[in-house]
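This briefing is meant for a reader who is meeting the structure for the first time. Please look over the sequence and the model, and then follow the points below, which are grouped by topic.

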Amino acid sequence: MFVNTDSKVIWKNGSFEKWENASVHLLSHTMHYGTGVFEGVRAYKTNEGPAIFRLQDHTNRLFDAASKLSVEIPYSRDELNKVQKDIFSMNNLEEGYLRPIVYLGSESLGIRATELSVNVAIAAWEWPSYMSPEAKEQGISVIKSSFDQYSNPLHSGYKIIGTYINSTMALHEAIQKGADEAILLDKNGFISEGSGENIFLIKNNTIYTPTVDHCLNGITRQSVMKIALDMGYEVVEKNLKIDELINSDEAFFTGTAVEITPISKIDEMVIGSGSRGPVTQKLQKTYEDIIFGRNKNYDHWLSLVTT
C-alpha cells in the first residue's frame with residue numbers, strides 16, 4: 001500500500017505534481033492498447049546516503065524498449081536519471097522504489113498511434129522489501145502455470161505494458177491455488193520465468209538459467225550472473241524443462257522486487273532441502289552487501305541520490 005502520499009510528488013512531462021493530482025486521460029492510447037514502456041528501479045540506504053541500483057542500465061533499457069515501439073522519448077537519458085534522483089530526495093526517501101513510465105496521449109483513439117503525444121512520468125515511494133525475511137530464508141512455493149509466456153520477441157527483452165496480462169493471470173492462478181508464485185513455460189514447453197521474475201536453478205554446484213530467447217533479460221538477472229561468475233561458479237544458459245527444476249538441488253527467483261528469493265517447492269513437490277540452499281545463501285549475502293554499499297568492488301552499480 002502507498003503511504004504518506006499527501007507529502008509526495010510525481011514528476012510528469014517536466015514538472016512535479018502533487019501525488020493525488022497526477023492523472024492520465026481516460027482516452028490515453030496506452031490505457032486502451034498497452035502501447036507504452038516502464039521500468040522498475042530500487043534504491044537502497046547506504047552509509048553515504050540513498051543509492052539507486054544500476055540506474056543507467058534501467059534507463060537505457062527504457063529507451064531501448066521505447067525505440068522498439070517506435071516511440072521517441074522527448075527527454076535525454078541524463079535528464080531522466082537526474083529526475084529519478086531528484087524525486088527520491090523530494091519525497092524524503094532513504095530507500096524505496098522508482099517507476100518511470102512512458103505512455104501515449106489522448107489526441108485520438110484507434111490502433112494507429114503515429115501522431116500522439118509521448119508522455120513521461122516518474123514516481124517514487126517506500127518499498128523496503130517485496131518478500132518477507134522468512135520467505136528469503138525458507139523460500140516460497142510455486143506452481144506450473146497453465147498460462148504460457150508470450151512468444152513475441154518484444155517481451156523477451158523489455159518491459160512493455162501490453163505484454164503483462166499473462167503474468168497477471170498466472171499470478172492470480174497461483175494465489176488461488178495457495179501458492180506464492182507461478183512458473184510460466186514458453187510455447188515449446190521450456191521454462192520461461194515467473195510472473196515478474198527470472199529463475200535460476202542449481203545442480204551439483206552449477207547454476208542454470210533459461211536463455212534470453214525464453215525470458216526477460218532482467219537487470220537483476222544479469223547482476224546475479226556476474227556475481228556468480230566472480231565467485232567462481234559456472235553459469236549455464238540453456239533450455240530448461242520443468243523436470244530439471246523439480247530435480248534441482250536449489251532454485252531461486254531474481255528481480256528488482258524479489259531481489260534473490262529461494263523457491264522451496266513446485267506443485268507441492270519439495271525442491272532440494274525444502275528451504276534456502278548454501279549457494280543461494282552465498283549469492284543473497286553478496287548481493288545484499290552490494291546493494292547496501294558494503295562491497296566496494298561493485299560501487300559502479302550504485303548511483304548516489306545526492307551527487
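Glu-237 is partly exposed, with a relative accessible area of 41%, where buried means under 20% relative accessible area, exposed over 50% and partly exposed in between (1.4 Å probe, protein chains only). This is a predicted model, in which local features need pLDDT of at least 70 and side-chain atom pairs count only at pLDDT 80 or more, while totals for chains, interfaces and linings use all residues. Residues are numbered from 1 along each chain as its sequence is written, and side-chain values use heavy atoms, with hydrogens and water left out.

**Salt bridges**

- Glu-237 forms a salt bridge with Arg-221, the closest N and O atoms being 2.7 Å apart; a salt bridge here is a side-chain nitrogen of Lys or Arg within 4 Å of a carboxyl oxygen of Asp or Glu.
- Arg-221 lies in helix α7 (residues 219–230) and Glu-237 in strand β13 (residues 235–237), so the pair ties together parts that are 16 residues apart in sequence; helices (H or I, at least four residues) and strands (E, at least two) are DSSP runs, numbered from the N terminus.
- Side chains of opposite charge can pair when their charged atoms come close.
- Glu-173 and Lys-177 meet through their side chains in a salt bridge (3.8 Å, N to O), and of these two residues Glu-173 counts as buried at 11% relative accessibility, whereas Lys-177 is exposed at 56%.
- A salt bridge of 3.2 Å, N to O, joins the side chains of Lys-265 and Glu-268; Lys-265 is partly exposed, with a relative accessible area of 27%, and Glu-268 counts as exposed at 61%.
- Arg-42, Lys-136 and Glu-259 are linked in a network of salt bridges, and a search of the whole structure finds 19 salt bridges.

**Strand pairing**

- Strand β1 (residues 9–12) pairs with strand β2 (residues 15–18) in the antiparallel sense over four bridges, and two strands are said to pair if DSSP finds at least two bridges between them.
- Within this pairing, Val-9 stands opposite Lys-18 in β2, and the hairpin of β1 and β2 has two residues between the strands, with Asn-13 taking a positive phi near 50 degrees.
- β1 is also joined to strand β7 (residues 118–125) by two bridges, the strands running antiparallel, and the bridge partner of Trp-11 in β7 is Ile-122.
- Val-9 and Trp-11 point one way from β1 while Ile-10 and Lys-12 point the other way, and all are buried.
- Strand β8 (residues 140–148) runs parallel to strand β15 (residues 259–266), to which three bridges join it, and here Ser-141 stands opposite Lys-265.
- Four bridges join β8 to strand β9 (residues 181–185), again in the parallel sense, with Lys-144 opposite Ile-183.

**Nonpolar cores**

- The largest nonpolar core has 29 residues, and those with the most contacts inside it are Trp-11, Ile-73, Leu-80 and Leu-98; such a core is a set of buried Ala, Val, Leu, Ile, Met, Phe, Trp, Tyr and Cys residues joined through side-chain atoms within 4.5 Å.
- The elements that give two or more residues to this core are β1, β4 (41–46), α2 (55–68), α3 (77–90), β6 (96–104) and β7, and α2 gives the most, with five residues.
- A second, separate core of 22 residues includes Ile-202, Ile-207, Ala-228 and Tyr-287.
- Trp-11 touches residues including Phe-16, Tyr-75, Leu-80 and Ile-87, not counting residues up to four places away in sequence, where contact means heavy atoms within 4.5 Å.
- Ile-87 has its place in helix α3 and is buried, with a relative accessible area of 0%.

**Loops with positive phi**

- Most residues other than glycine have a negative phi, and most peptide bonds are trans.
- Asn-204 lies in the loop between β11 (198–203) and β12 (206–209), has a positive phi near 55 degrees and counts as exposed at 63% relative accessibility.
- Asn-205 lies in the loop between β11 and β12 and has a positive phi near 70 degrees.
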